[in-house]
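Open the model in your viewer and follow the stops below in order.

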Amino acid sequence: IKDLYKAFIALETEEECEAFLDDVCTIKEIRDMAARLKVARMLDEKKVFSEITQQTGCSSATISRVNKCLQFGDGGYSTVIERLKEK
């Protein structure tokens, strides 16, 4: 697993990341991860569950899980959200 973490850190461009994810993940896995990030960003913007479901198509269970990670997780979503805001 550590090698996977290092692989992400080694990527330098959006194109490299896209190529790596295309090789490692299925299209559904990539879409699911992208949807979860969208949910996290919307929760960070204080959007309500019904609006998030409508805009993302994610279930309330997925939204709840992401929300739990934002509230009690290791800070991964928060780190990414803040860095994306900076760009």
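**Whole chain**

Of the chain's 87 residues, 14% count as buried (buried is under 20% relative accessible area, exposed over 50%, partly exposed in between, with a 1.4 Å probe and protein chains only). This is a predicted model, where local features need pLDDT of at least 70, side-chain atom pairs count only at pLDDT 80 or more, and totals for chains, interfaces and linings use all residues. Residues are numbered from 1 along each chain as its sequence is written, and side-chain values use heavy atoms, with hydrogens and water left out.

Switch to cartoon. The chain has six helices and zero strands (DSSP runs numbered from the N terminus: helices are H or I, at least four residues; strands are E, at least two). Along the sequence the pattern reads α-α-α-α-α-α. The C-alpha atoms fill a box of roughly 35 × 25 × 25 Å, taken along the principal axes.

The accessible surface of the chain is about 6,900 Å² (Shrake-Rupley method, 1.4 Å probe). Carbon and sulfur atoms hold 52% of that surface.

**Stop 1: H3 against H6**

Select residues 27-44, helix H3, and residues 76-86, helix H6. They pack at an angle of about 75°, with their axes 10 Å apart (axes are lines fitted to C-alpha atoms over the stretch in contact; angles run from 0 to 180 degrees between N-to-C directions). H3 and H6 are therefore roughly perpendicular, a label that covers 65 to 115 degrees.

Which residues make the contact? From H3, show Arg36, Leu37, Ala40, Arg41 and Asp44. From H6, show Tyr77, Val80, Ile81, Leu84 and Lys85. Contact means heavy atoms within 4.5 Å. By class, this contact has six nonpolar, no polar and four charged residues.

Now centre on Ile81. Leaving aside neighbours within four places in sequence, Ile81 touches Ala40, Arg41, Asp44 and Leu70.

**Stop 2: the core**

Select Val39, Ala40, Met42, Leu43, Ile52, Cys58, Ile63, Val66, Tyr77 and Ile81. These ten residues form the largest nonpolar core (buried Ala, Val, Leu, Ile, Met, Phe, Trp, Tyr and Cys residues joined through side-chain atoms within 4.5 Å). H3, helix H5 (60-72) and H6 each supply at least two of its residues. H3 gives the largest share, four residues.

**Stop 3: Arg31**

Return to H3 and pick Arg31. Is Arg31 buried or exposed? At 60% relative accessibility, Arg31 counts as exposed.

Technical notes
Parallel < 35°, antiparallel > 145°, perpendicular 65-115°, else oblique. Nonpolar A, V, L, I, M, F, W, Y, C, P; charged D, E, K, R; others polar.
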